[in-house]
Amino acid sequence: MRILGLRIGNLRTKRFSSSSRFVPAHEPAQDADCRKLEQFLEDKPHILVLTGAGISTESGIPDYRSEGVGLYARTNHKPIQHGDFIKSEATRKRYWARNYVGWPRFSSIPPNVTHHTLARIEREGRISGIVTQNVDRLHGKAGSKEVVELHGSGFDVICVGRDNERGKGCDYRIDRHEFQRILDQLNPAMEDGSTMMRPDGDVELPQEYVEGFVIPPCPQCGGNLKPEIVFFGDNVPMPRIEKVVRMIIQSDGVLVLGSSLTVFSGYRIVLQAKELGLPVAIVNIGATRGDPKADLKISARCGEIMSNLFRRS
């Protein structure tokens, strides 16, 4: 559905997209912008796509920074810090209680037109792969094959303990759906008292819902379990960074969709592309950190732009 702007005197008021209350106010996409992006993609079969939270807001997953509708605009609560999760039992209990309640909704959210369009143009050989900052696995649900989850995924759970018998970090992991069944058994009286979902799938819960929540230890080493998500303050694993660098080197350019590029792990991809002399295009509502580096910048809703790509008869 197109976004309508109402002109009152000399002022244009912006309306929010009806597709999601988490999409910030924006102007309608222009057909000329779609054609510019098509031209950017033409004759470049190895375009690398970087996606951020701005593409998943249209599926109903909030982001952190969008003006008026992002998490920072709606609450004083900040995202969980890696150090706090590792050091504090209370923090782990609070996180897992909220994640447990939010998981059924978060895990069942469907991909939207941007995810499906990327899967289509990947099949058509117009892009070589996707690096996503999102942990929602919507690219995989839409059918994309060559996807690197830069910040991990909420769909896997790992151990952060140490396996003393092996003398190294524990390698235990479990599928998040299976882990949910274990949490069901340990917390049969847990109720959904949530009020707000967060970008990584957890929700806001009253403290009384958290205090009695039971989390199992790692069955392999007795350590603590966490989602395979790179929390704020943690580092992207080096093998993942190295893989992304290889993808950039082998690409013909970079297309950024729905990211403000505020987090350096994403912005670094733009910097590396420009160091190699590769063109960069950005589609995002509002300004991004990478705009001065962009060869093409389109300020529009990703879904509107992507749904019209290569659709002319």
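Student: Which residue is the bridge partner of Ile47 in β11?

Tutor: Good place to start! The partner of Ile47 in β11 is Gly253. Keep in mind that we are looking at a predicted model.

Student: How should I read a pairing like that in general, and what is the case for β3 and β11?

Tutor: Strands of a sheet pair through backbone hydrogen bonds, and the pairing is either parallel or antiparallel. Here, strand β3 (residues 47–51) and strand β11 (residues 253–257) pair in the parallel sense over 5 bridges. Another pair to look for is Leu48, whose bridge partner in β11 is Val254.

Student: What is the strand order of the open sheet of 6 strands?

Tutor: The order is β5-β4-β3-β11-β12-β13, with parallel pairing. At the edges stand β5 (147–149) and β13 (296–298); each has a single partner strand, so one side of each has no neighbour in the sheet. Ignoring direction, neighbouring strands of this sheet are turned by 15° against each other on average.

Student: Which other bridges can I follow through this sheet, say from β3 to β4?

Tutor: Let us walk along it. β3 and β4 pair in the parallel sense over 5 bridges, and Ile47 stands opposite Ile127 in β4. Next, β4 and β5 run parallel and are joined by 3 bridges, with Ile130 opposite Val147 in β5.

Student: Which way do the residues of β11 point?

Tutor: The general idea is that side chains in a regular strand alternate between the two faces of the sheet. In β11, Gly253, Leu255 and Leu257 point one way, while Val254 and Val256 point the other way. All of these are buried, and the strand is mostly covered, with 5 of its 5 residues buried.

Student: How many of the residues of β4 are buried?

Tutor: In β4, 5 of the 6 residues are buried, so this strand is largely enclosed by the rest of the structure. For the protein chain, buried residues make up 52% of the 313 residues.

Student: Which elements do the buried residues of helix α1 pack against?

Tutor: They pack against β3, β11, β12 (280–283), β13 and α11 (302–307). In helix α1 (residues 31–41), the buried residues are Asp33, Cys34, Arg35, Leu37, Glu38, Phe40 and Leu41. After α1 comes Asp43, which has a positive phi, near 60°.

Student: Which strands does α9 touch?

Tutor: α9 packs on the sheet and touches β3, β4 (127–132) and β5. The direction of α9 makes about 145° with that of β5.

Student: How do I describe the packing of two helices, and what is the angle for α9 and α10?

Tutor: Two packed helices are described by the angle between their axes and the distance between the axes. Helix α9 (residues 238–249) packs with helix α10 (residues 264–275) at an angle of about 40°, and their axes are 10 Å apart. The two helices are therefore oblique to each other. α9 passes α10 in a right-handed crossing. From α9, the contact is made by Ile241, Val244, Val245 and Ile248, and from α10 by Arg268, Ile269, Gln272 and Ala273. By class, this contact has 6 nonpolar, 1 polar and 1 charged residues.

Student: What is the pairing in the open sheet of 3 strands, parallel or antiparallel?

Tutor: There the pairing is antiparallel, in the order β9-β6-β10. The edge strands are β9 (173–175) and β10 (225–229), and each pairs on one side only. The twist from one strand to the next averages 40°. Strand β6 (residues 152–159) pairs with β9 in the antiparallel sense over 3 bridges. You can find Val157 opposite Ile174 in β9.

Student: How many helices and strands does the protein chain have?

Tutor: The protein chain has 11 helices and 13 strands. Among contacts in the chain between residues at least 6 apart in sequence, 70% join residues at least 24 apart.

Definitions and conventions
Residues numbered from 1 in each chain as written. Predicted model: local features only at pLDDT ≥ 70, side-chain atom pairs only at ≥ 80, totals over all residues. Heavy atoms only, no water. Axes fitted to C-alpha atoms, helices over the stretch in contact; angles between N-to-C directions. Helix = DSSP H or I, 4+ residues; strand = E, 2+ residues; numbered from the N terminus. Parallel < 35°, antiparallel > 145°, perpendicular 65-115°, else oblique. Left-handed = near helix turned anticlockwise from the far one by under 90°. Contact = heavy atoms within 4.5 Å. Nonpolar A, V, L, I, M, F, W, Y, C, P; charged D, E, K, R; others polar. Pairing = 2+ DSSP bridges. Buried < 20%, exposed > 50% of the residue type's maximum accessible area, 1.4 Å probe, protein only.
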